[in-house]
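Subject: Structure handover

Hello,

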Amino acid sequence: MTGSASPLRIGVLASGEGTNLQALLDACDEGRINGHVVLMLTNNPRAGAIVRCKRADVPFAVVDHRAFSERTAFDAVLVEKLRAARIDLVVLAGFMRIISPVLINAFAQRIMNIHPSLLPAFPGKEPQRQALEHGVRFSGCTVHFVDTGVDTGPIILQAVVPVHETDDVETLKRRIQEEEHRIYPQAVQFFAQGRLVLNGRRVTILPEASSLPDSF
Ligand code: GRF
């Protein structure tokens, strides 16, 4: 079982615009997540995510990966900062670095990612372009726990969107992102409520405690 009853201490790793970070901040503010983003780490000094943190008064740090010759040394600094902030759950929100076992093992089964395709279809780079080139009629997004593979971890939630004949990468990306902003906060709240149970590569979502019979 994952998560706990006290407010979840969330650490976000982001490299870009930060619209998923924003969706999480809004959900925390509005009580849809029982928790707070207590730290945002970015590898990109120009990330839009920084502006969003400043606006919301969320602590952040820039750890520029170019200053490190080894991926593991970069990850070790992230782990140190996440541990110092007593992070319960690490949320990758457009973090454009592959993370190593140094980080994965430090937060085993406590790292989530969102990927803009219906995994296991179209992992890796440019999933929207892959979907268009393959000619699928539906695509979407996947929230999953992170394991040592690229976009291979146990699936928590998925959402489906149609692919239109007239779509290009941008229009498909925007349609998928609307769903990202809906299901990522939902997955984090399930974690915060301790409702995600991992069994092999399958994730079971337990019913809400209040909906359980007294004898449960
Ligand atoms: C999202 O499309 C997400 O699925 C992918 O990276 C993008 C990040 O966008 N992992 P944003 O920075 O949250 O706006």
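Which residue in E6 does Met112 stand opposite? Met112 faces Phe145 there. This is a predicted model, in which local features need pLDDT of at least 70 and side-chain atom pairs pLDDT 80 or more, while totals for chains, interfaces and linings use all residues. Residues are numbered from 1 along each chain as its sequence is written, and side-chain values use heavy atoms, without hydrogens and water.

E5 and strand E6 (residues 138-145) run antiparallel and are joined by four bridges. They belong to an open, mixed sheet of seven strands, ordered E3-E2-E1-E4-E5-E6-E7. Strands (E, at least two residues) and helices (H or I, at least four) are DSSP runs numbered from the N terminus, and two strands pair if DSSP finds at least two bridges between them. Strand E3 (60-62) and strand E7 (155-162) each have a single partner strand, so one side of each lacks a neighbour in the sheet.

H6 lies across E1, E4, E5, E6 and E7, at about 155° to E7. Axes are lines fitted to C-alpha atoms, for helices over the stretch in contact (heavy atoms within 4.5 Å), and angles run from 0 to 180 degrees between N-to-C directions.

The largest pocket has a volume of about 1,100 Å³. Its 33 lining residues include Gly94, Phe95, Met96, His115 and Pro116, the closest to its centre. A pocket here is an open set of points on a 1 Å grid where a 1.4 Å probe fits, with protein on both sides within 12 Å along at least five of seven lines; lining residues have an atom within 4 Å of a point. The volume is the space filled by probe spheres set on the points, joined across faces, edges and corners.

Regards
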